[in-house]
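This briefing is for a reader who is new to the structure shown below. Please look over the sequence and the model before reading on.

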Amino acid sequence: MKPLRVVVWGENVHEHKNPAVAAIYPEGMHATIAAGIRELLPAAEVGTATLQEPDHGLTESRLAETDVLVWWGHMAHGQVEDRIVDRVQKRVLEGMGLVVLHSGHYAKIFKRLLGTTCSLTWREADERERLWVCNPGHPIARGIDRYFELPREEMYGEPFAIPTPDEQVFISWFEGGEVFRSGCCWTRGNGRIFYFRPGHETYPTYHDRNVRRVIANGVEWARPQGVWIDSCPNANESPEKITPKTAG
Ligand code: ZN
């Protein structure tokens with residue numbers, strides 16, 4: 001089997017504005033997320049791309065050679081050019097996997113593919129998050145116990161305005177009492193999409209062993225299942241002979 005080709009896309013803005021974020025992610029959040037995938041999927045080819053690069057690092061040729069794209073964005077969603085969103089959407093419909101993390105719930109590409117507002121409630125109160133596995137047989141839950149906890153995270157709560165997921169893998173509970181559908185799977189066209197909630201920039205979430213495991217599992221799950229190119233070919237050459245019908 002050919003090695004899985006993964007690109008971790010990072011908005012790469014908080015890291016340069018907030019010293020607290022830079023202290024946790026000195027090389028950028030995307031670099032830490034990529035390191036976690038490399039650690040757990042050593043056979044994969046894992047690269048990174050950022051908003052600041054030409055075409056946000058997502059040229060036609062780069063995307064053509066990408067099996068799974070991982071996405072972290074927050075304050076610069078509006079700076080992602082629509083022509084790049086079009087390009088990523090086309091590749092997902094063809095079969096490229098997409099793993100969207102945390103505040104990527106409001107990324108243009110996520111809202112485009114799901115077709116809803118993807119709004120939610122939130123609170124920054126340094127609270128504990130408990131992620132329950134609600135689908136123990138799912139490949140994305142492999143290696144995870146009944147639940148795992150993050151001692152400090154931002155809260156995301158329901159209602160989460162997404163289309164009903166095809167598969168639900170995790171549900172989060174927060175210390176303040178809210179719950180949230182924190183691990184969700186969809187298919188759009190031929191592409192698999194996995195949304196995973198944790199990862200607020202001021203917490204060391206992407207250094208967490210369980211979070212890294214879930215992201216790596218999500219990347220593996222989202223690997224292309226085949227290619228489906230957008231075309232409407234004429235089928236004049238039918239596989240069976242069609243008997244001419246006489247009028248009347
Ligand atoms: Zn956040």
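The model is predicted.

**Glutamate 201**

- Glutamate 201 is buried but forms no salt bridge. Arginine 197 has the nearest side chain of opposite charge, and that side chain is 9.9 Å away. A salt bridge requires a side-chain nitrogen of Lys or Arg within 4 Å of a carboxyl oxygen.
- Apart from neighbours within four places in sequence, glutamate 201 contacts His14, Val21, Ile24, Tyr25, Met29, Trp72 and His74.

**Glutamate 178**

- The side chains of glutamate 178 and arginine 123 are joined by a polar contact of 2.8 Å.
- Arg123 is also among the contacts of glutamate 178 when neighbours within four places in sequence are left aside; the others are Met155, Gly157, Ser172 and Trp173.
- Glutamate 53 is 125 residues from glutamate 178 along the chain, and their C-alpha atoms are 38 Å apart.

**Histidine 77**

- Histidine 77 counts as buried because its relative accessibility is 13%, and the cut-off for buried is under 20%.
- The side chain of histidine 77 reaches two backbone oxygens: that of serine 103 at 3.0 Å, and that of histidine 74 at 3.3 Å.
- Beyond neighbours within four places in sequence, the contacts of histidine 77 are Glu11, Ser103, Gly104, Tyr106, Ala107 and Lys108.

**Cavity and pocket**

- One cavity of 30 Å³ or more turns up in a search of the whole structure. The volume of the largest cavity is about 40 Å³.
- The lining of the largest cavity consists of Thr32, Ile33, Gly36, Ile37, Tyr206, Val211, Arg212, Ile215 and Ala216. Helix 3 (29-40) and helix 7 each provide at least two of the lining residues.
- The largest pocket holds about 170 Å³ of space.
- Thirteen residues line the largest pocket, and those nearest its centre are His74, His105, Trp122, Glu154 and Tyr156.
- Strand 5 (121-133) and strand 6 (147-157) each contribute at least two residues to the lining of the largest pocket.

Definitions and conventions. Residues numbered from 1 in each chain as written. Predicted model: local features only at pLDDT ≥ 70, side-chain atom pairs only at ≥ 80, totals over all residues. Heavy atoms only, no water. Buried < 20%, exposed > 50% of the residue type's maximum accessible area, 1.4 Å probe, protein only. Lys, Arg positive; Asp, Glu negative; His and termini not counted. Contact = heavy atoms within 4.5 Å. Polar contact = N/O pair within 3.5 Å; in protein donor to acceptor, adjacent residues only side chain to side chain. 1 Å grid on protein atoms, 1.4 Å probe; cavity = no way out; pocket = protein on both sides within 12 Å on 5 of 7 lines; lining within 4 Å. Points joined across faces, edges and corners; volume = space filled by probe spheres on them. Helix = DSSP H or I, 4+ residues; strand = E, 2+ residues; numbered from the N terminus.
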